[in-house]
Amino acid sequence: MALSTQEIVNKLWNLCNVLRDDGITYHQYLNELTFILFLKMAEETDYNDKLPEGYRWEDLKQKEGIELATFYRKLLLHLGTESKGKIQKIYNNAQTSIQEPANLRKIIKHIDELDWFEAKDEGLGEMYEGLLEKNASEKKSGAGQYFTPRPLINVMVRLMDPKVGERLNDPSCGTYGFMIAAHHHILENNDIYSLNEAQNIHLQTEQYSGCELVGDTHRLAMMNAFLHGMGGNIALGDSLSSFGETVKNKDLVLANPPFGTKKGGDRPTRTDLVYPTSNKQLNFLQGIYRSLHTRGGARAAVVLPDNVLFEDGDGQNVRKDLMEKCNLHTILRLPTGIFYAAGVKTNVLFFDRGKTDKQNTKEVWFYDMRTNMPKFGKRTPFTESYFADFEKAYTAKDRNKIKDERFSCISREVIGKKNDSLDLGLIADDRIIKAEDIGEPIDIAKEALTELTSITQELNAIIKALH
């Protein structure tokens with residue numbers, strides 16, 4: 001019976017339980033699954049002839065016991081050192097965490113027995129992205145920081161509207177989610193069969209690019225691109241090092257740079273940033289607007305935490321520089337709780353690179369999707385439908401005609417008087433009760449005491465029951 005993509009994702013993910021005894025983490029399992037799946041996918045997609053003879057799915061699935069374990073280690077080493085291109089990148093520094101040959105055999109057998117027909121029809125990339133999302137949602141995996149919620153990616157891509165022939169980049173690409181969504185957008189909005197040879201070559205080799213610092217995550221990004229039929233133009237490196245200086249002349253950047261400061265408070269090693277700082281997001285933001293060309297039409301949408309909007313010193317200097325060189329036309333205040341990294345308050349900055357380096361921002365439109373919003377989580381999933389009003393406001397021919405309390409415009413002059421802070425545009429919070437509505441202090445104190453007494457009684461009952 002043909003299995004849907006989601007059924008295959010669930011089956012593959014549940015196989016992780018087989019490896020619990022080997023002490024394998026979810027993240028290690030996803031890497032392990034990638035090594036094994038790549039061979040099976042190569043067979044399913046006629047990519048087998050790119051693999052060296054003797055190191056293919058057929059060869060792996062015939063082995064058992066100690067022979068299988070030995071062959072598997074040899075295969076990982078061979079593909080990581082002797083092969084080229086995508087294959088070498090996927091198996092670069094590949095090591096197995098599986099100690100028990102019987103467990104390895106079980107995984108290979110399960111993958112071989114799955115009916116891949118329907119998943120191939122829906123796209124093998126969809127299956128792999130399903131696995132990446134499972135990994136991100138597992139708190140223990142720690143992968144949430146590499147994962148941008150799919151609804152947010154889709155909306156950012158739709159509003160930035162990438163075109164055939166453009167050069168796109170994500171300087172902190174994680175598992176390549178933004179570039180893959182951009183590729184989907186281009187396939188859906190263009191007749192790919194009408195492209196000429198030069199356009200086709202560009203689409204495969206030059207259109208998308210990314211950089212990822214973490215080796216294992218880079219591997220997952222390469223696999224994701226491969227299963228989506230995209231060229232693997234993904235560097236393994238640091239965008240805040242001298243490598244970042246080589247990324248230039250881009251039409252569109254889509255990014256969600258990593259949160260936090262550089263380890264040890266170090267400054268970036270790239271030398272082209274005007275305000276190098278230990279705040280990684282401020283460095284990424286400078287790198288992003290420096291990577292856009294100045295011919296007109298170059299643009300970016302970047303997810304950044306609140307501190308970028310209000311931090312003094314370097315923060316203020318970077319915001320001023322951004323508003324000089326770019327037209328920072330829109331800031332979307334995102335709801336809290338939509339990232340797997342809990343409690344982070346984030347925003348999307350939308351800006352166009354100016355043709356000159358001066359006075360490009362005249363006003364900034366703010367949209368507040370944070371205040372008086374539902375608490376997102378398993379009970380209330382975050383979906384694209386929540387963006388409908390924002391998209392309507394963003395795409396309006398005349399934004400001044402939009403009647404929406406969440407949408408407001410603040411002039412560059414007013415922002416300047418507020419120390420160039422962009423921590424603006426939030427509406428009144430319904431949950432903050434006005435002082436006159438609270439009641440008399442004596443009544444508040446009595447109510448609090450009653451609640452505390454009740455809590456104390458419940459805790460005493462629990463302690464008694466536990467004894």
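**View 1. Burial and ring geometry of W13 and Y26.** W13 and Y26 are both buried in this predicted model. The ring centres of W13 and Y26 lie 5.4 Å apart, and the ring planes meet at 10 degrees; because planes under 30 degrees apart count as stacked, the pair is classed as stacked. In total, the structure contains 18 aromatic pairs.

**View 2. Aromatic cluster with F350, W365, Y367, F390, Y394 and F407.** Ring pairs connect these six residues, F350, W365, Y367, F390, Y394 and F407, into a cluster. One of them, Y394, also has a charged group over its ring: the charged end of R399 is placed 4.9 Å from the ring centre.

**View 3. Charged end of K63 over the ring of F71.** The distance from the charged end of K63 to the centre of the F71 ring is 4.5 Å.

**View 4. The largest cavity and its lining.** The model has four cavities of 30 Å³ or more, and the largest has a volume of about 90 Å³. This cavity is lined by 13 residues, of which P171, S239, R270, G287 and I288 are the closest to its centre. Helix α13 (residues 280-291) makes the greatest contribution to the lining of the largest cavity, supplying five residues. By class, the lining of the largest cavity comprises six nonpolar residues, six polar residues and one charged residue.

How values were computed: Residues are numbered from 1 along each chain as its sequence is written. This is a predicted model: local features need pLDDT of at least 70, side-chain atom pairs count only at pLDDT 80 or more; totals for chains, interfaces and linings use all residues. Side-chain values use heavy atoms; hydrogens and water are left out. On a 1 Å grid over the protein atoms alone, a cavity is a set of points where a 1.4 Å probe fits but cannot get out, and a pocket is an open set with protein on both sides within 12 Å along at least five of seven lines; lining residues have an atom within 4 Å of a point. Grid points are joined across faces, edges and corners, and a volume is the space filled by probe spheres set on the points. Helices (H or I, at least four residues) and strands (E, at least two) are DSSP runs, numbered from the N terminus. Ala, Val, Leu, Ile, Met, Phe, Trp, Tyr, Cys and Pro count as nonpolar, Asp, Glu, Lys and Arg as charged, and the others, Gly among them, as polar. Rings of Phe, Tyr and Trp (its six-membered ring) pair if their centres lie within 6.5 Å; planes under 30 degrees apart count as stacked, over 60 as edge-to-face and the rest as tilted. Buried means under 20% relative accessible area, exposed over 50%, partly exposed in between (1.4 Å probe, protein chains only). A charge sits over a ring if NZ of Lys or CZ of Arg is within 6 Å of the ring centre and within 35 degrees of the ring normal.
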